[in-house]
Amino acid sequence: MAQREQWGTRAGFVLAAVGSAVGLGNIWRFPYVAYENGGGAFFISYLFALLTAGIPILILEFGLGHKFRGSAPLTFAKINRKWEWLGWWQVLVCFFIAVYYVIIVAWAISYVAFSVSGAWGSDPGGFFFGSYLGLTDSPFDLGGLKTGILIPLIIAWGITFAALYGGVKGGIEKINRILMPTLFVLIILITVRGITLPGALDGLNYLFQPDFSKLLDFRIWTAAYGQVFFSLSICFAIMIAYSSYLPKKSDCVNNGFITGFLDSSFSLLAGIAVFGILGHMAYAQGVGLEEVVASGVGLAFVTIPTAISTLGSFAPIFGILFFLSLTFAGISSLISINEAAISSFMDKFNMARKKAVVIYVAVAATCSLIFATGAGLYILDILDYFVNNFGIVFAGLIQVILVGWFFNLKTIQEHVNQVSDFAVGSWWIICIKFVTPAVLGYMAIRNLVGTVSDGYDSYPLNALISFGWLAFGIVIIGGFLLASLKWKDERSLFKGVDK
């Protein structure tokens, strides 16, 4: 059995963990969620959710990976052989996210080039959905592969492959040491330019003006917890895998706080940058901010290009900076998502890294081709909704219930306290056993009831079954099937556990 790889330095691990947490959602989701949920008041609920769920789960997963020295399936199998399926559930969630997340990175790479000439012209929406994506009328009308998307898709997979093939220290750590500092510099440059544009302060007023009455609305708290769960890469195998590569004497508690607060700081910077730009756009068009604000794909590839077009001679530079930021944020997260899966197959089948990376990337890259068709955006949207709202939320709920109530949680508390500069107390136990299950349970039931009764968006039921419910079913059944396979080296189930 090969020696488990390790991070070269503590900074390398933290940068990789932050690189996993900081992703596309920090740039295109957080600002809109904050704006919609009380502006400045939202930050109170967000901070509360970060301290009572986000950071406690980060510490829990850092502690699990560090103590049991394994990917998610190996870690859960070491705790209880009957729990291995939960690890594979999380790995399959990672696989589904990877195959569609990479296509958004590919779009961002394309838009770095488009920014040079302002290729979207006077109709960014028509350019993105029509000329670039070639969007068809239905999720079932694929419309063929789009060659303009294939090239950046190959680039995105190529960078990811190189990082994973190079290993934990020589590949993942090395590329995050370049990507993350560069990303923070880029977002600071964008923020500084964004807030100095005419009309930018009006945009920031919309973002930060507090509506404290919304703190009495439970939906603002649900939105805050949802943003924390989806942003920090928790409850889907990544942080357990990453922390399994830590040296034995590694501070789990401090690393959890640093990762959580750096991710939140980046979200705040991105929010300032985006709303500064939107404020300028509203000013230039003579309309209210509420008429230009957006989130998700529409914000990144339609609204922002529209705003960039109002910047005159500075437009190409600003566009390149913005879409490079999106690319770097996406690549760092994409690497971590794939590593969580690859490390699991290496553990289960005692497979060498390079062989596992070649096989896994070949399969995942092939599966991602469907998102480079004319129906790719529809399928991505449906799959993303089901994976996030059911795959991750239910996996997280089951994880905190099993570990919190059917395992001696104090052993993890004692383990992280032994290796950390300051200890976590009873507040941490309360958050894991009571606060997080209550919030996740509410979210899971609400999402399930709402989707069963109302569907999702305006998609037909057969599309939701084919691309959403089917994927959720594969995650559950696939988890049990993979767990039923025999371990190539049974000794790995007992090795490396700190007593």
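Here are some friendly notes on this predicted model, point by point.

1. **Ground rules.** Because this is a predicted model, local features need pLDDT of at least 70 and side-chain atom pairs count only at pLDDT 80 or more, while totals for chains, interfaces and linings use all residues. Residues are numbered from 1 along each chain as its sequence is written, and side-chain values use heavy atoms, with hydrogens and water left out.

2. **The largest pocket.** Of its 46 lining residues, Arg29, Phe230, Asp384, Asn388 and Asn389 are the closest to the centre. Helix α17 gives the most to this lining, with eight residues. A pocket here is an open set of points on a 1 Å grid over the protein atoms alone, where a 1.4 Å probe fits, with protein on both sides within 12 Å along at least five of seven lines; lining residues have an atom within 4 Å of a point. Helices are DSSP runs (H or I, at least four residues), numbered from the N terminus.

3. **A nonpolar surface patch.** Ile401, Trp405, Phe406, Ile430 and Phe434 form a nonpolar patch with about 520 Å² of accessible area together. Helices α17 (376-405) and α19 (426-454) each supply at least two of the patch residues. Such a patch joins nonpolar side chains (Val, Leu, Ile, Met, Phe, Trp, Tyr) within 5 Å, from residues with over 30% relative accessible area and no salt bridge. Areas come from the Shrake-Rupley method with a 1.4 Å probe, and for residues only the protein chains shown count as cover. Ile430, found in α19, is partly exposed because its relative accessible area is 42% (buried means under 20%, exposed over 50%, partly exposed in between; 1.4 Å probe, protein chains only).

4. Asp347 and Arg4 meet in one of them, at 3.0 Å from N to O. This pair links distant parts of the chain, 343 residues apart: Asp347 is in helix α15 (residues 315-349) and Arg4 in the segment before α1 (10-21). Asp347 is buried at 11% relative accessible area, whereas Arg4 is partly exposed at 23%. Lys348 forms a salt bridge with Glu84, with the closest N and O atoms 2.7 Å apart. Here too distant parts of the chain are linked, Lys348 in α15 and Glu84 in helix α6 (residues 84-117), 264 residues apart. Both Lys348 and Glu84 are buried.

5. **Other charged pairs.** Glu5, Glu339 and Arg353 are linked in a network of salt bridges. The side chains of Lys486 and Glu490 also meet in a salt bridge, at 3.8 Å from N to O. Lys486 counts as exposed because its relative accessibility is 64%, while Glu490, at 29%, counts as partly exposed.

6. **A buried histidine.** His66 is found in helix α4 (residues 40-68) and counts as buried, at 0% relative accessibility. Its side chain reaches the backbone oxygen of Lys248 at 3.0 Å.

7. **A loop residue.** Phe140 has its place in the loop between α7 (124-132) and α8 (147-165). At 43% relative accessibility, Phe140 counts as partly exposed. Phe140 and Gly376 are 236 residues apart in sequence and 9.8 Å apart in space, C-alpha to C-alpha.

Note on methods: Patch = residues over 30% accessible without salt bridge, like charges linked within 9 Å, V, L, I, M, F, W, Y side chains within 5 Å. Salt bridge = Lys/Arg side-chain N within 4 Å of Asp/Glu carboxyl O. Polar contact = N/O pair within 3.5 Å; in protein donor to acceptor, adjacent residues only side chain to side chain.
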